[in-house]
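Have a look at the structure first, then try each task before reading its solution.

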Amino acid sequence: MKRVVDARGLSCPEPVLLTRQALQEQGIKEITVLVDNKVAVENVTRTAESLGCQVLVTEQNSDFILTLRMN
Amino acid sequence: MQKHALIILSGLTLGALAVFLVLMGNPGNYGVCIACMLRDITGALGLHRAPVVQYLRPEIIGLSLGATLTALATREFRTTGGSSPLIRFSLGFVGMIGMLVFLGCPVRTVLRLAGGDLNAGVGLVGLIIGIVTGTMFLKKGFSLGRATKISPANGIIFPLFILGLLAAALITPSFIFASKTGPGSLHAPLFLSLGAGAVIGVLAQRSRLCMAGGIRDAIFFKDYHLLYGFLAVFIAALAGNLLVGTFKLGFVGQPLAHTDGLWNFLGMLLAGLTAVLLGGCPLRQLVAASEGNTDAAVTVLGLIAGAAFAHNFGLAAGPKGVPPAGQVAVILGLLFTLGMGIAVCKFKVGGEVKNEKSRGCQGTVVS
């Protein structure tokens with residue numbers, strides 16, 4: 001199952017908090033996280049990598065799409 | 001450790017520059033303090049009339065301009081707004097009262113501790129408990145809601161305000177107040193302060209240095225990245241103070257400090273709580289405001305209004321202690337902030353985790 005976290009426009013540390021919540025769910029292999037600033041990209045990437053995920057970041061318009069895959 | 005290099009470098013630089021600025025003329029343990037320096041600027045603009053704390057601190061001007069120029073150069077300047085601006089203003093306002101009862105922001109808490117001021121240790125305990133309380137609200141779903149992209153015209157107002165302060169600092173017109181005695185009269189030369197502020201602004205923008213965030217992430221997520229910056233400030237300032245002979249261990253006779261433990265504790269508890277609910281300490285708010293974040297700019301205006309109020313109504317502490325009105329204000333500030341926390345948690349406006357309905361994320365996510 002794949003889940004989407006829309007954290008655009010949210011203050012620090014809410015994007016990280018939501019990402020962690022989503023990653024803690026059973027059976028989740030992949031999560032897409034949407035954020036709209038570099039700080040959130042860095043914070044979510046750091047958190048996801050520390051939890052053993054591979055992170056792929058793509059930029060679309062002025063938003064960022066982070067694809068998190070559980071190793 | 002390589003991925004932490006920038007945040008450590010930023011912390012070390014800030015700590016070292018803070019000691020240097022004191023050596024060059026700033027008051028003791030007051031090389032950098034976002035709260036006190038904004039308070040001094042508030043006084044210089046005549047928004048409060050406490051004659052001993054009025055000076056257009058160039059460190060704030062340099063820091064903000066450094067952050068703005070770096071954000072522009074890295075294409076990170078984005079104009080956003082609309083995330084509960086009035087709550088942010090209010091939290092900035094009451095947070096400033098807490099910081100002026102303690103006499104320092106989270107940055108100065110570390111600098112005071114690195115100068116041997118043990119009262120700051122009491123403040124640090126309050127700061128940590130405030131941050132823990134704030135994270136409990138976050139766990140319960142506290143969110144000030146989404147900011148959205150807004151007209152760039154909004155984003156240039158704060159940098160224009162800072163440019164106005166720069167012009168005033170350079171031209172020194174007669175309507176700008178400047179203390180003749182007291183802490184406001186003690187300062188490093190203008191261009192040194194401006195340059196040091198700019199260096200800190202560039203590094204803080206790149207590294208996202210945030211003192212309250214460091215403690216929050218360490219406790220909340222076991223993520224020590226920002227905490228390394230916090231520790232680096234302490235280590236550099238401690239080493240610097242020991243080197244130049246400004247380290248003095250104890251509670252009594254510390255520069256710009258009082259020994260009333262209860263109010264040092266409660267003042268910083270309020271500061272920590274508001275910082276977590278706002279998403280960052282005053283340093284981070286100032287940097288974000290300089291990057292086009294108008295919600296952070298409104299928070300800085302709240303800090304300025306809080307400083308004006310604190311000195312116009314005799315709430316701010318002095319070396320002799322905390323006036324009764326300041327004690328009442330901190331209690332009211334705590335009640336207000338806790339009330340806001342509960343009220344906001346009941347009306348959830350934050351982000352959401354959704355199941356994707358089709359392949360690819362475009363068009364499938366409710367924004």
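**Exercise 1.** At roughly what angle do the axes of helix α10 (residues 211-221) of chain B and helix α11 (residues 225-244) of chain B cross?

*Solution.* A word on the source: this is a predicted model, where local features need pLDDT of at least 70, side-chain atom pairs count only at pLDDT 80 or more, and totals for chains, interfaces and linings use all residues. Residues are numbered from 1 along each chain as its sequence is written, while chains are lettered from A and ligands numbered from 1 in the order in which they are written.

Step 1: the axes of α10(B) and α11(B) cross at roughly 130 degrees and come within 7 Å.

Step 2: angles under 35 degrees count as roughly parallel, over 145 as roughly antiparallel, 65 to 115 as roughly perpendicular and the rest as oblique, so α10(B) and α11(B) are oblique to each other.

Step 3: find the contacts (C-beta atoms, placed from the backbone, within 7 Å). Among the residues that meet are B:Met211, B:Gly214 and B:Ile215 in α10(B), and B:His225, B:Leu227 and B:Phe230 in α11(B).

**Exercise 2.** Work out how chain B is built overall.

*Solution.* Step 1: count the DSSP runs (helices, H or I, at least four residues; strands, E, at least two). Chain B has 15 helices and three strands.

Step 1: 58% of the 367 residues of chain B count as buried, that is, with 20 or more other C-beta atoms within 10 Å of their own.

Step 2: in chain B, 83% of the contacts with a separation of 6 or more join residues 24 or more positions apart.

How values were computed: A residue is buried if 20 or more other C-beta atoms lie within 10 Å of its own, exposed if 12 or fewer, and partly exposed in between; C-beta atoms are placed from the backbone. Two residues are in contact if their C-beta atoms, placed from the backbone, lie within 7 Å. Axes are lines fitted to C-alpha atoms, for helices over the stretch in contact, and angles run from 0 to 180 degrees between N-to-C directions.
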